[in-house]
Amino acid sequence: MQQIVDGITAGSIYAALALALVLVHRATGLVNFAQGQMAAVSVYIGWSLVSSGVPVVPAVLLTLVVSLAIGALTERLLIRRFEGSEPLVAIVATVAVLICFNGLISLVWGGSVRSFPSMFPDGVVSILGARATWGDVGTVGVLVGTVGVLQLLFLRTRLGLALRTAADSQDSARLLGLPVGSLLLVGWGLAALVGGLAGCLVAPSVPLQPNMMDTILVYALAAAVLGGLDSPLGAVLAAWFIGIAETVAGANIDLIGSDLRIAVPLVLLVLILLVRPQGLFGRRDVERL
């Protein structure tokens with residue numbers, strides 16, 4: 001039971017960033033490889049606010065607003081220039097954004113290791129005989145709430161329907177009179193906001209340094225693809241599954257131990273893609289000839 005609780009806790013960290021990946025994909029049709037580094041920039045902004053005397057919760061809320069602006073500006077100033085290009089070109093552009101944000105962190109804040117305070121109180125709670133911190137419980141609670149909001153956004157609102165339409169076919173969206181440019185701007189902004197939230201949830205449990213989100217991005221990509229790049233709920237369930245699988249495997253299989261735990265999501269990713277390329281909860285694309 002302790003391994004399962006630890007796995008869900010770790011999976012929730014991966015799921016938070018996976019949600020941002022799913023959001024930008026559902027809104028724009030792209031996979032943003034810079035999502036982790038954008039989240040890291042948000043965390044450093046939050047750290048600067050906390051260091052200047054702002055309480056941690058208001059600092060996180062202000063950080064989310066700044067994250068929204070960062071995502072919107074990134075789409076407007078860079079990604080928009082590659083609209084209509086081959087998907088690979090846009091992917092390379094996101095990798096370039098990753099490198100630029102990594103350099104920005106080193107330039108502004110340096111490479112020193114820092115710490116980020118938790119939004120939740122200290123203490124330990126017992127769950128079916130297993131122990132978890134209030135930070136772990138709070139992370140899972142925020143994650144579940146975020147999934148609910150995203151599900152309502154995409155399935156029950158006009159904005160969500162418009163975002164999905166623009167992601168599926170920009171030409172069709174324009175024929176319907178939808179403002180595709182504005183929708184892409186909103187999609188990137190919302191994804192950056194969710195990514196910033198993921199970074200602030202992760203930051204108390206990892207050292208604050210420029211590459212803090214790199215390994216987490218690998219797990220988040222695996223979770224997003226396993227669950228389906230168009231399914232927020234699927235990404236979260238897949239992240240929990242990955243977290244439990246790597247925790248149990250690392251504790252009980254000597255060959256894996258703590259050094260090869262990152263191989264677990266990659267193996268799962270390959271197996272699922274061979275059997276169900278659209279992911280466990282993704283929808284299959286249908287083309288009419």
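Here is a short chat about ring pairs and helix packing in a predicted model.

In this predicted model, local features need pLDDT of at least 70 and side-chain atom pairs count only at pLDDT 80 or more, while totals for chains, interfaces and linings use all residues. Residues are numbered from 1 along each chain as its sequence is written, and side-chain values use heavy atoms, with hydrogens and water left out.

Reader: How many aromatic pairs does the structure hold?
Author: Rings of Phe, Tyr and Trp (its six-membered ring) pair if their centres lie within 6.5 Å; planes under 30 degrees apart count as stacked, over 60 as edge-to-face and the rest as tilted. Going by that, the number of aromatic pairs here is two.

Reader: What kind of pair do Tyr14 and Tyr219 make?
Author: Look at helix α1 (residues 2-28) for Tyr14 and helix α9 (residues 214-227) for Tyr219, so the pair ties together parts 205 residues apart in sequence. Helices here are DSSP runs (H or I, at least four residues), numbered from the N terminus. The ring centres are 4.2 Å apart and the planes sit at 5°, so the pair is stacked.

Reader: Is Tyr14 buried or exposed?
Author: Buried means under 20% relative accessible area, exposed over 50%, partly exposed in between (1.4 Å probe, protein chains only). Tyr14 has 9% relative accessibility, so Tyr14 is buried.

Reader: What is the angle between the planes of Tyr44 and Trp109?
Author: Tyr44 is in helix α2 (residues 35-51) and Trp109 in helix α4 (residues 87-109), 65 residues apart. Their rings form a tilted pair, 5.2 Å centre to centre, and the angle between the planes is 35°.

Reader: Which residue lies over the face of Trp47?
Author: A charge sits over a ring if NZ of Lys or CZ of Arg is within 6 Å of the ring centre and within 35 degrees of the ring normal. At 4.5 Å from the ring centre of Trp47, the residue is Arg114.

Reader: How are α5 and α10 oriented to each other?
Author: Axes are lines fitted to C-alpha atoms, for helices over the stretch in contact, and angles run from 0 to 180 degrees between N-to-C directions. The axes of α5 (residues 134-156) and α10 (residues 232-252) come within 9 Å and cross at roughly 155°. Angles under 35 degrees count as roughly parallel, over 145 as roughly antiparallel, 65 to 115 as roughly perpendicular and the rest as oblique. The two helices are therefore roughly antiparallel.

Reader: Which residues does Val142 touch?
Author: Val142 is found in helix α5. Contact means heavy atoms within 4.5 Å. Not counting residues up to four places away in sequence, Val142 touches Phe120, Leu197 and Leu201.
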